[in-house]
Amino acid sequence: MVWLSVLLAILFVVVAPVLGCLITGADRILTARMQRRRGPSILQPYYDVRKLLEKDARANDVVQVILLALSLVMLVVAGVCLYAGANFLLCILLETLSSLMFILAASVDPSPFVQVGVQREILQVMCCEPMLLLFAVGVYLYTGSFSVSSLFSTNLPMVVWLPLIFIGLVFVLTIKLRKSPFDIASSHHAHQEIVAGASTEMSGLSLALIEVTHWYELVILMSWVGMFFVTSNPLSVLLAILAAAVVFLLEIWIDNSFARVKWQVMFKSSWMVALVCGMVNFAMFFFIDSNGLVFF
Amino acid sequence: MSVKDTSKKGASYVKKSPWIIHYDAASCNGCDIEVLASLTPLYDVERFGIINTGNPRHADIFLVTGSVNEQAKPVIEQIYSQMVEPKVVIACGICACSGGVFKTCYNTMGGIDQVIPVDVYVPGCAVRPEALIDGVVRALDILEQKRAAMDAGLPVPTPEVKLGVETPRVLHTQDDPDESGTPIEPAAQGGEGAKR
Ligand code: SF4
């Protein structure tokens with residue numbers, strides 16, 4: 001099965017940006033339609049990146065570009081871990097490390113907007129981490145290992161045993177995807193009280209790198225959603241894709257229906273959701289006699 | 001001077017994703033409301049990939065409304081200098097073009113071209129969204145010319161700042177250098193808008 005892992009990993013590296021770009025384009029169209037507008041072409045994110053690459057490169061900071069490139073590379077490695085069926089904990093940690101690299105890259109700029117944006121980015125990482133770690137613990141409890149491939153030898157999809165963890169993850173995804181009401185650090189829409197947050201001073205190549213990183217990230221996040229639905233049955237992959245699509249539609253709807261909250265609300269609610277969902281779900285998990293689970 | 005020609009090596013993308021920053025110099029807010037109206041479902045400029053970024057570093061097109069006074073001058077200069085090439089400036093509304101009704105006020109310097117190079121003049125009081133979109137489309141062609149010049153290693157063609165130069169009563173677009181030319185019209189509505 002090694003060749004399958006390698007194949008999937010290569011496939012991820014090549015296909016993920018294309019997929020991420022198309023999903024982002026679809027997001028913009030759907031958002032426009034929800035606001036009764038026509039919206040741009042589905043390839044608009046691609047045009048944006050190509051345009052950014054045509055901007056004057058002299059405006060970029062070398063250190064910043066290197067850090068952003070590192071952020072991208074780490075995210076790609078995280079995705080490779082996931083799709084090669086390797087250690088899931090490593091995937092989550094690399095994903096976080098990628099966010100930290102972005103934060104480091106942004107802090108190069110002295111602008112006050114950037115500094116406030118960076119603080120908020122750090123806050124967002126703090127809000128997401130507990131839930132992601134509980135998610136990893138859930139995967140371990142369910143399959144008896146942190147290996148992603150072990151999910152493909154289960155009889156029932158993980159969501160049956162870890163429904164609350166799933167809800168918690170969807171909650172955290174709103175923060176990760178920079179969607180309203182949790183788009184306090186930066187958002188894909190115009191006009192923020194802190195302009196464009198951490199990326200305010202970036203232009204051209206730097207922005208293009210961030211955009212491509214977002215494409216990869218989108219695919220990884222959606223794959224996490226899909227992980228809750230895969231079983232030993234190969235057809236379950238279709239179910240996983242469907243579930244990811246539904247969750248993404250839900251996120252777009254949430255984005256368009258809620259106003260931005262203050263960071264205090266985000267911080268409290270995300271930790272509360274993580275702790276309540278995590279604890280209650282694990283209690284359920286241990287309470288119900290779960291024969292057939294590797295844990296026992 | 002025509003707009004097309006440019007890119008020999010494949011399509012250019014500056015025309016497909018123009019990001020805008022909008023600044024209200026000393027406008028009466030009439031033009032600003034029209035600028036924002038272009039974002040609404042009726043006109044929906046995002047169809048063309050246009051985003052109102054509110055951030056000079058991200059923007060390709062600088063939309064300025066209203067005439068310039070001493071307070072707005074340093075802000076306009078700063079925003080302009082923060083934008084990354086290739087970039088274009090659009091003066092929106094007759095105030096931004098020449099000073100308009102405020103031209104002779106004691107605190108008014110005149111149109112935007114007294115301070116920064118202006119590439120496209122869009123007249124109207126207030127400027128109508130159709131004319132504005134038309135102005136942006138013209139700006140895209142100029143943007144493309146600038147990018148082509150950058151690619152060729154040439155200096156980016158930039159119009160002159162007309163500090164102290166009396167703005168002519170009849171305005172001309174950048175691609176109509178003939179000073180005795182015809183007045184520009186908001187092409188989207190065949191000049192009707194100019195009469196309103
Ligand atoms: S052109 Fe007219 S509407 Fe626009 S700023 Fe001047 S006075 Fe106001």
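This is a predicted model: local features need pLDDT of at least 70, side-chain atom pairs count only at pLDDT 80 or more; totals for chains, interfaces and linings use all residues.
Residues are numbered from 1 along each chain as its sequence is written, and chains are lettered from A and ligands numbered from 1 in the order in which they are written. Local features need pLDDT of at least 70, side-chain atom pairs count only at pLDDT 80 or more, and totals for chains, interfaces and linings use all residues, while side-chain values use heavy atoms, with hydrogens and water left out.

Chain B contains an open sheet of 5 strands in the order E2-E1-E3-E5-E7, with parallel pairing. The edges are formed by strand E2 (51–52) and strand E7 (120–122) of chain B, each with a single partner strand, so one side of each has no neighbour in the sheet. Helices (H or I, at least four residues) and strands (E, at least two) are DSSP runs, numbered from the N terminus, and two strands pair if DSSP finds at least two bridges between them. Strand E1 (residues 19–26) of chain B pairs with E2(B) over 2 bridges, and Ile20(B) has Asn52(B) in E2(B) as its bridge partner. E1(B) is also joined to strand E3 (residues 61–66) of chain B, by 6 bridges; here Tyr23(B) is partnered by Val64(B) of E3(B). Strand E5 (residues 88–92) of chain B and E7(B) pair over 3 bridges in the parallel sense, with Cys92(B) opposite Val122(B).

Ala126(B) is placed in the loop between E7 and helix H4 (129–151) of chain B.

At the interface, 28 residues of chain A are in contact (heavy atoms within 4.5 Å) with 27 residues of chain B. The area buried between the chains is about 2400 Å², 52% of it from carbon and sulfur atoms; buried area is the accessible area (1.4 Å probe) that two parts lose on being put together, summed over both. In chain A, the most area is lost by Lys51(A), Glu54(A) and Lys55(A), together 26% of what that side buries. The rule finds 7 salt bridges across the interface, each a side-chain nitrogen of Lys or Arg within 4 Å of a carboxyl oxygen of Asp or Glu. One of them links Glu201(A) and Arg57(B) (3.6 Å, N to O). Helix H2 (residues 44–54) of chain A gives the largest share of the side of chain A that touches chain B, 8 residues. By class, that side has 10 nonpolar, 7 polar and 11 charged residues.

Over all chains, the structure holds 17 salt bridges. Asp27(A) and Lys179(A) form one, with the closest N and O atoms 2.4 Å apart. Asp27(A) lies in helix H1 (residues 2–34) of chain A and Lys179(A) in the loop between helix H7 (163–176) and helix H8 (204–227) of chain A, so the pair ties together parts 152 residues apart in sequence.

Note on methods: Ala, Val, Leu, Ile, Met, Phe, Trp, Tyr, Cys and Pro count as nonpolar, Asp, Glu, Lys and Arg as charged, and the others, Gly among them, as polar.
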